[in-house]
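Please read the following note alongside the sequence and the three-dimensional view. It is written for a reader who is new to structural description.

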Amino acid sequence: MMHYIDPLIAPVEAAFALKAIVAPRPIGWISTIDPSGRDNLAPYSFFNAVEDTPPMLLFSSSGEKDSVRNARATGEFVCSLVTRPLLDAMNRTSAPLAHGESEFDHAGLARAPSSLVAPPRVRDALAALECRVVEIRTLRDLGGAETGAILVIGQVVAMHVAARVVRDGRVTLTGEGVAARLGGADYAIVGETVSLRRPGAG
Ligand SMILES: Cc1cc2nc3c(=O)[nH]c(=O)nc-3n(C[C@H](O)[C@H](O)[C@H](O)COP(=O)(O)O)c2cc1C
């Protein structure tokens, strides 16, 4: 027997279900700066890579939060990778701090300068992707009404990867404890890896 959920009748149950079902979700740990140069850092799991050539990412904010406001104002953001040793600090950066109060300092995280954009990256992250904003759009529902969600699409203009995870020119994060979001308060740490050749790929 299957349990049935109608998102129009039970929107809260549907929201929890969606986040449990569409999981694990990668976490974009988004750093930005405001026009006066104050930095901001927050995790987003409505986040993914959406193209590889050129490399592009998007994250979705449920409302106009500081990350969106800053990305809109400056046209830049950086995404740092969350692995197991950074998981608790990542969670601390989701605290609703006053605008202009830095989550880097709140979570005791060191900054490292980016190369092409102004927002810093998380120094101890194994990888960071510097992005310039391509498009910011509001998300509309079937009836054309604004949902309140805002999509920020960025193109990756520079990448930083810890040298120890680059083998023969390839980034290999197997065994590095990459973290992903599940439903509720749960996270997955990537463990087992399976390699498959695509049909027809030789
Ligand atoms: C793992 C994790 C994932 C999150 N994903 C999202 C998300 O996809 N969209 C969103 O609006 N908020 C998300 N949040 C909540 C934001 O991180 C939180 O609202 C934060 O304060 C926003 O910061 P900002 O205002 O500095 O951008 C997430 C929180 C956690 C801990």
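The numbered points below treat the ligand and its surroundings, and then several individual residues.

1. The structure under discussion is a predicted model.

2. The ligand is located in the largest pocket. Four elements each contribute two or more residues to the shell around the ligand: strand S3 (39-44), strand S5 (55-62), helix H2 (66-74) and helix H3 (87-92). Of these, S3 gives the most, with 4 residues.

3. Composition of the shell. The ligand is surrounded by 19 residues. The closest are Asn40, Tyr44, Phe46, Ser62 and Ser67. Sorted by class, the shell holds 7 nonpolar, 8 polar and 4 charged residues.

4. Which residue places a polar side-chain atom 2.8 Å from an oxygen atom of the ligand? That residue is Lys65. The backbone takes part as well: a polar backbone atom of Pro43 is 2.9 Å from an oxygen atom of the ligand, and a polar backbone atom of Ser60 is 3.1 Å from a nitrogen atom of the ligand.

5. Two residues of helix H2. Helix H2, named above as a contributor to the shell around the ligand, contains Val68 and Ala71. Are these residues buried or exposed? Val68 counts as buried because its relative accessibility is 0%, and buried means under 20%. Ala71 also has a relative accessibility of 0%, so Ala71 counts as buried.

6. Ala71 and Arg132 are 61 residues apart in sequence, with 8.5 Å between their C-alpha atoms. For Val68 and Leu116, the separation is 48 residues in sequence and 19 Å in space, C-alpha to C-alpha.

7. Cis peptide bonds. The peptide bond from Ala23 to Pro24 is cis, with omega near 0°. Pro24 belongs to the loop between H1 and strand S1 (25-26). Another cis peptide bond joins Thr53 and Pro54, where omega is about 5°. Pro54 is placed in the loop between strand S4 (47-52) and S5.

8. Most residues other than glycine have a negative phi. What is the value of phi at Asp168? Phi of Asp168 is near 50°, which is positive although the residue is not glycine. The residue is part of the loop between strand S11 (166-167) and strand S12 (170-171). Asp168 counts as exposed because its relative accessibility is 83%, and exposed means over 50%.

9. Pro7. This residue is found in the segment before helix H1 (11-21). With a relative accessibility of 52%, Pro7 counts as exposed, because the cut-off is over 50%. Pro7 and Gly63 are separated by 56 residues in sequence and by 20 Å in space, C-alpha to C-alpha.

10. Gly184. Where does Gly184 lie? Its place is the loop between strand S13 (179-181) and strand S14 (187-189). Gly184 has a relative accessible area of 42% and therefore counts as partly exposed, the class between under 20% and over 50%. Gly184 and Leu116 are 68 residues apart in sequence, and their C-alpha atoms are 36 Å apart in space.

Conventions. Residues numbered from 1 in each chain as written. Predicted model: local features only at pLDDT ≥ 70, side-chain atom pairs only at ≥ 80, totals over all residues. Heavy atoms only, no water. Near = heavy atom within 4 Å. Polar contact = N/O pair within 3.5 Å; in protein donor to acceptor, adjacent residues only side chain to side chain. 1 Å grid on protein atoms, 1.4 Å probe; cavity = no way out; pocket = protein on both sides within 12 Å on 5 of 7 lines; lining within 4 Å. Sits in = over half its atoms within 2 Å of the grid points. Nonpolar A, V, L, I, M, F, W, Y, C, P; charged D, E, K, R; others polar. Buried < 20%, exposed > 50% of the residue type's maximum accessible area, 1.4 Å probe, protein only.
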